[in-house]
Amino acid sequence: MGSALCSASGAQAAAGTSAGTQPVPPQLVVPTDPNAYCVLNFYHLTPVAEPKATVEEHRKFIEDMGLDLRGRIYISSQGMNCQYGGTVEQATAYAEWVKQQPGFQDLRYTVWPSEGHAFPKLRLKFKPNLISLAGGMEVMPITEPAARATPLEPCKWKEMIAQAQEKNIVVLDVRNDYEWDAGHFVGADRPAEEVFAETPVGEAEQEVPVPLREVDKDTPVMMYCTGGIRCDVYSTFLRKKGYNNLYTLEGGVQNYLRQEGGAHWKGSLFVFDARMAIPAGNAGALATPGAADAEAGGLPAAVPCSLCGSPDSQLPHVNCANIDCNELFISCPACKTRYNGCCCEECMGAPRLLRPAKVDGGHYGSWGNYADRDEAGPIISTGRTREGRVARRARRREALKEKRVAFVEEKLARKQLLRKVKTQLEALESQAKEQDEKEAPMAAV
Ligand SMILES: [Zn+2]
Ligand SMILES: [Zn+2]
C-alpha cells in the first residue's frame, strides 16, 4: 500500500540529515543543552528472567551514578515501561545503560523538553503488569513480535490513514476517553471501554470492540496509542480473536506528531505528566507548550466545551472542584470562570466544595490517580472511603459505557445503510449504463 519510500521526515531534517533512506531513531531529536530538563519515554518488550532482582540492579545504578531521575520505571517479566524526567544528560545516561542490558539492545527512546522536573518522585518498581489491564497481561504473548501487529513508520501511517475511508480501513484509538477528548486522528473509532484498563482480554469474556464486530477478519485495522505499548498489547488480543490484518503506529502518536506534524490529527496530545498535553506542532519541531501557547490561552482540544458546546475548548482538562464528582472535563475559557471550576450547575451548589476552584485547569492530586488507579491514595482526606468513590466512579463509567455503545452502534448502522445505498446506486448506474449501451447503436441507426 502506498509508495515504498517515504520522503525525508521532519526528524531527519531537524537532526541535520536532510536526506537518506535509513530510518532515523527518534532519540536524535533532543534538546541540545545537556543540563536542560526533559521527559524521556520508552518501553521494551522482552523476557526478563528475574524482574525483582533486575529492579534492584537498576536502583543501584541510579544511586551509584547519583542520577536525579523522577517518574515511573516499571519492570516485569515481560520487559520495561518508563516515563521519567531529569536533565538530558542524566536521563539519557540511564536509557543508554538500559540498552546495554541483555535483550534491550533494540530499545528506542524519545526525549522531550520540559521545564524542570515533570514528575514529583521516582517510582522504580516491579510490576506484574507493565500497563493496567482488567484481565492482566501475563496471559498475552506480548514478548513475541510475531504475535503483534505490523508496525508502520509515521510516514507510512500517514499515507495509509489518508485512504482509510475510501478503503474501509478501521482506525482504532485504544487510549482512554479523556485522551481522546484532548486529541485524536480524524475518522478514528474507539473501543467501547472508557478506560483502556477495562479492556476485557481474559479467557472468560473476550469481547471484540464494536467497530470490529461487523467487519470481516481480513479488514485492515490501524491502531494507535500515545507511545505504542497499549497497541502492542491490544493487537495480541485482536490476533487471538482472529483478526489478521493489523497495523500499529511505530512509536505511537508522540513519534508521529514529531515526524509528520499534525497531519490528519485533531486537537493536541494528552500526556501523563505535569505537561498534561503537548501541541501537535509542525513536523520536526520540538513541540513544547511555551509562552506563545499561554498567551493564546492554552492548547486546542478535539471536542467542544462540555458545558456550552463552544468549539473554543481548551486544554488542560478541568478537574471538577466538587470532590464528590471529581469529573475530568473539557471546557472553554468562559465556562471555566462561569462555572468556577465545576462541571455543571449542580456541582456549583454541592455541599462538599472542599477544594479551591482550579479555573486554570489541571488535576487535583497527581496524574497517577488516573494512570494507576490501583495504587493511588486518596486525593484529599474527606472522611469518605476510597471504596465509595471508586464505586461511584464505576457506576458513572457503566452509564457512560452504555451510552457510548449505543452511539457506536448507531454510527455503525448508519455506515451499513450508507454502504447499502452505495451498492444499490452502483447497481442502478450499471443498469443505466447497460441500457445506454443497448440504446446507443439504435440511436446511431
Ligand atoms: Zn463553554
Ligand atoms: Zn462536577
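In the predicted model, strand β1 (residues 37-45) is joined to β4 by 4 bridges, and the two strands run in the antiparallel sense. Within this pairing, C38 lies opposite P113 of β4. Helix α3 (residues 88-99) packs on the sheet and touches β1, β2, β3 and β4, its direction making about 160° with that of β3.

The sheet to which these strands belong is open and is formed by 5 strands in the order β4-β1-β3-β2-β5, with mixed pairing. Because β4 (110-113) and β5 stand at the edges with a single partner strand each, one side of each is left without a neighbour in the sheet. From one strand to the next, the twist averages 15°.

With strand β5 (residues 122-126), by contrast, β2 pairs in the parallel sense over 5 bridges, and here the bridge partner of G71 is L122 in β5. Strand β2 is also mostly covered, since 6 of its 7 residues are buried.

A further helix, α2 (residues 51-64), lies across β2, β3 and β5, and runs at about 150° to β5.

Methods: Residues are numbered from 1 along each chain as its sequence is written. Chains are lettered from A and ligands numbered from 1 in the order in which they are written. This is a predicted model: local features need pLDDT of at least 70, side-chain atom pairs count only at pLDDT 80 or more; totals for chains, interfaces and linings use all residues. Side-chain values use heavy atoms; hydrogens and water are left out. Buried means under 20% relative accessible area, exposed over 50%, partly exposed in between (1.4 Å probe, protein chains only). Two strands pair if DSSP finds at least two bridges between them. Axes are lines fitted to C-alpha atoms, for helices over the stretch in contact, and angles run from 0 to 180 degrees between N-to-C directions. Contact means heavy atoms within 4.5 Å.
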